[in-house]
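I would like to take you through one structure slowly, so please keep the view open while I speak.

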Amino acid sequence: MYSLLIFAVAFTLLTVWVLSFPIFGRVPEGNRLERIKKLPNYKDGALENLSPTPMKPDNVSYWDMIRGMLKGNDKGSPKGSVPTVKPNFEQDDSNVKVIWFGHSSYLVQTDGQNILVDPVLSERPSPISFIGTKRFQGTDFIKAEDFPELDVVLITHDHYDHLDYEAILKLKDKTKRFIVSLGVGSHLEHWGVPANKITELSWGEETTQNTLKFIALPARHFTGRVFKRNQTAWSAFILQTSKNKLYLGGDSGYDTHFKNAGEQYGPFDIAILECGQYNAYWPLIHMFPEQTVQAAIDLKAQVLLPVHWGKFKLAMHDWNEPIIRVVNKANEENLKITTPLMGESVILDKYYPATKWWLADNL
């Protein structure tokens, strides 16, 4: 009994010590927590999805998932260096420009403004700098110092592969405003971002930034940086410019929210949607590539830009399987798809790169 007490005390002290590390962020409290508790999808101490969303099917155990990850895949990472191009940050006065940096990080340039989405610039999307999957060779081509002054940094949710502590520290002084899912502001304030620079949105809420409008919409996912999940919100966002409408998907499993968004807010000039890091072990929180295409169709998107692949190995599929499958399905459905190199510009109504660079022999 005495030894169990010592273990419990030691574990508690270790937990308190670990949670003191700033990288873990801070869970919402005070007025922010009260705002979250008033949301219709807040139940039993946590936020919920619109549809029941278990992390895994009933016939899959956590040991199955761990065993699958330990087994690995020798094609899970490219053999050589991923090709990239140096980004051109000059504004196009007449067209929206999107520059993808790998995984779910990209810059939208429009109406003379710079909007950076989910910037992850660290070597690993992990709370511990020397543990976890490393970014693929060649994908470290962009640094925080390279970006122009930013009007908005948009954060869809607080997972480590979307909310990067080191990136926020380096970008916060060159960013005018942070627009984030409700609750994410608790992390940002803990890291020194002034409260008056943070706007937090729950599903259905909107805000403006000069000529731009941002609307938070439902996604099907989850959140959490430490032990307790779903204390902060996860969202997709609509970005409405003076001439165009973009759907910024964040992370999401497939569900009816895509069709609802298409009917209420569509059509969209482009949908930027996840297509990687899927598995039958977690089928409801990430989309399979064919579902990504269906989601774009549901949204009434004219063009699909698939992201959430190409930089990190966070699942068990081949590194380039997501893009192969999503391109094949898009072609089958006659959906226009653009597949830029990292750093290459997509320019709406003008230039949609579509080279199959991921099939190069050295990769």
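Let me begin with a question: leaving aside its neighbours within four places in sequence, which residues is Asp92 in contact with? What you see is a predicted model, and in this model Asp92 is in contact with Ile347 and Lys350 once those sequence neighbours are set aside. With Lys350 the contact includes a salt bridge between the two side chains, at 3.5 Å from N to O. That pair links distant parts of the chain, since Asp92 sits in the loop between helix H3 (62-71) and strand S3 (97-100), while Lys350 belongs to the segment after strand S16 (345-347), 258 residues apart.

Now let me step back to the whole chain. The protein chain has eight helices and 16 strands, and its C-alpha trace spans about 70 × 45 × 40 Å along the principal axes. For 363 residues, a compact globule would have a radius of gyration near 21 Å, and the protein chain has 20 Å, which agrees with that expectation. Buried residues make up 57% of the 363 residues, and if we take the contacts with a separation of 6 or more, residues 24 or more positions apart account for 69% of them. As for the surface, the chain exposes about 16,300 Å², of which carbon and sulfur atoms supply 54%.

Let us turn to the interior. In soluble globular proteins, nonpolar side chains tend to be buried together. Here the largest nonpolar core has 87 residues, and within that core Leu188, Tyr247 and Leu273 touch the most other members. To take one of these three, Leu273, and again not counting residues up to four places away in sequence, its contacts include Tyr247, Phe258, Met287, Leu299 and Val307.

Tyr247 leads us to another residue, because His257, which is buried with a relative accessible area of 7%, touches Tyr247 as well as Pro218, Ala219, Arg220 and Ser252, with residues up to four places away not counted. His257 is placed in helix H6, which covers residues 257-265, and its side chain makes a polar contact with the side chain of Ser252 at 2.9 Å.

I would like to return to charged pairs. Side chains of opposite charge can pair when their charged atoms come close. How many salt bridges does a search of the whole structure find? The search finds 15, and among them is one in which the side chains of Arg35 and Glu205 meet at 2.6 Å, N to O. Arg35 lies in helix H2 (residues 30-37) and Glu205 in the loop between strand S8 (198-201) and strand S9 (206-209), so this pair ties together parts that are 170 residues apart in sequence. Arg35 is partly exposed, with a relative accessible area of 32%, and Glu205 likewise counts as partly exposed at 29% relative accessibility. Another salt bridge joins the side chains of Arg124 and Glu123, at 3.5 Å from N to O. There is also a network, in which salt bridges that share partners join Arg32, Glu189 and Glu200.

Finally, a few details of the backbone. The peptide bond from Gly266 to Pro267 is cis, with omega near 0°, and Pro267 is found in the loop between H6 and strand S13 (270-274). Two residues other than glycine can be mentioned for a positive phi: His103 has a value near 55°, and Asn334 has a value near 55°. Is His103 buried or exposed? His103 is buried, with a relative accessible area of 1%, and lies in the loop between S3 and strand S4 (106-110). Asn334, by contrast, counts as exposed at 73% relative accessibility, and its place is in the loop between helix H8 (321-332) and strand S15 (336-337).

Terms used. Residues are numbered from 1 along each chain as its sequence is written. This is a predicted model: local features need pLDDT of at least 70, side-chain atom pairs count only at pLDDT 80 or more; totals for chains, interfaces and linings use all residues. Side-chain values use heavy atoms; hydrogens and water are left out. A nonpolar core is a set of buried Ala, Val, Leu, Ile, Met, Phe, Trp, Tyr and Cys residues joined through side-chain atoms within 4.5 Å. Buried means under 20% relative accessible area, exposed over 50%, partly exposed in between (1.4 Å probe, protein chains only). Contact means heavy atoms within 4.5 Å. Helices (H or I, at least four residues) and strands (E, at least two) are DSSP runs, numbered from the N terminus. A polar contact is a pair of N or O atoms within 3.5 Å; within protein, one must be able to donate a hydrogen and the other to accept it, and residues adjacent in sequence count only if both atoms are side-chain atoms. The radius of gyration is taken over C-alpha atoms; the globule rule is 2.2 Å times the number of residues to the power 0.38. Accessible areas come from the Shrake-Rupley method with a 1.4 Å probe; for residues, only the protein chains shown count as cover. A salt bridge is a side-chain nitrogen of Lys or Arg within 4 Å of a carboxyl oxygen of Asp or Glu.
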